[in-house]
Amino acid sequence: MEVGWLEDFVSLASTGNFSRSADDRNISQSAFSRRIRALEHWLGADLIDRSRFPTTLTPAGHAFYQTALDVVRVLHRERAELRGMVKRDERTITICATHTLAIHFAPAWLNALRQIAGIGEINVKMIAADLHDCGQALMEGACDIVLAYNANSVPSVFGVARFETATIGADTIIPVSEPGARGRPRHALGKAGQEPFPLLAYAASSYLGRLVGSALETWDLARRARPSFESTLVEALKGMALAGQGVAWLPRSAIAAELSAKRLVPCCAGEEFALNVDIRAFRRAERERSIVEHVWRDLAASPKDNAFSA
């Protein structure tokens, strides 16, 4: 039995999708499926119910999931400590955040958190990563808390695993483009319109990619969208929008200055094609170091609009 098989299984349990997990694990889908089969053969039990879509766990899979999660987390934590990557500093808390939240939300949020009576002096190690890597880091014990966007319409990587969550803010994702004549959007959107528009898209495998992609279908905009650029990074899409290359759905928190200066303008009136998302903190459900428990208890007392709240 290989540790990689356990990591594959944990990923599949989180995504419920063989193709997505294979991409996340950077192997072909056929190789990924063989590894899951090998794990099932080693255990002598089927872990995945392949008769349903999306993929679900069998009773044996549910029973084995927490064991697999614990083994992966302990092994990665021990390896990191042996390599000198993790130090057990009782006043240090490691936070993993998606890139946009690490840049535009975390600084003000952390400042407010430090002001809460009782927390005292804490040292924060901030890691910026995509949502999948944040989830892996939390499951493996490489971080204590994750900050991420969450919307009820699209499940996140935290949907199956045993995590606690707290809502700590909110944001709105809106379509914007460079202004054209008279300050109007160069690429206007409207339910009555039929004109195609260049779409600056998130990678389909990313959380925002799934969220925006699903919304475009709901709004009947997918047939008009002509993808011209793709990235997992909000900042990359923002740069392309500022260069006049198309329409991007971007968090207000990431473009507040550009909206104020009218370097970017909304592509529709009101909130017609806006997406409201929560900003959430996630942690493992089991008992953690005292500093983690202390910080988590005080999360509910922190202001919900310290960085941006729609």
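Are Glu258 and Lys238 buried or exposed? I looked them up, and both come out buried (under 20% relative accessible area; exposed is over 50%, partly exposed in between, with a 1.4 Å probe and protein chains only).

Ground rules for myself: this is a predicted model, where local features need pLDDT of at least 70, side-chain atom pairs count only at pLDDT 80 or more, and totals for chains, interfaces and linings use all residues. Residues are numbered from 1 along each chain as its sequence is written, and side-chain values use heavy atoms, leaving out hydrogens and water.

I then searched the whole structure for salt bridges (a side-chain nitrogen of Lys or Arg within 4 Å of a carboxyl oxygen of Asp or Glu) and got 14.

Glu258 and Lys238 make one of them, at 3.5 Å, N to O. Glu258 sits in helix H10 (residues 252–260) and Lys238 in helix H9 (residues 234–242), so the pair ties together parts 20 residues apart in sequence. I take helices (H or I, at least four residues) and strands (E, at least two) as DSSP runs, numbered from the N terminus.

Next I checked Glu293 with Arg283, a salt bridge at 2.9 Å, N to O. Glu293 is in helix H11 (residues 290–299) and Arg283 in strand S11 (residues 275–284), so this pair links parts 10 residues apart in sequence. Glu293 is buried at 10% relative accessibility, and Arg283 is buried at 3%.

Within helix H4, Arg73 and Asp70 are three residues apart, about one helical turn. Their side chains meet in a salt bridge at 2.7 Å, N to O. Arg73 is buried at 8%, while Asp70 is partly exposed at 27%.

Last, I noted a salt-bridge network linking Glu7, Asp8, Arg25 and Arg35.
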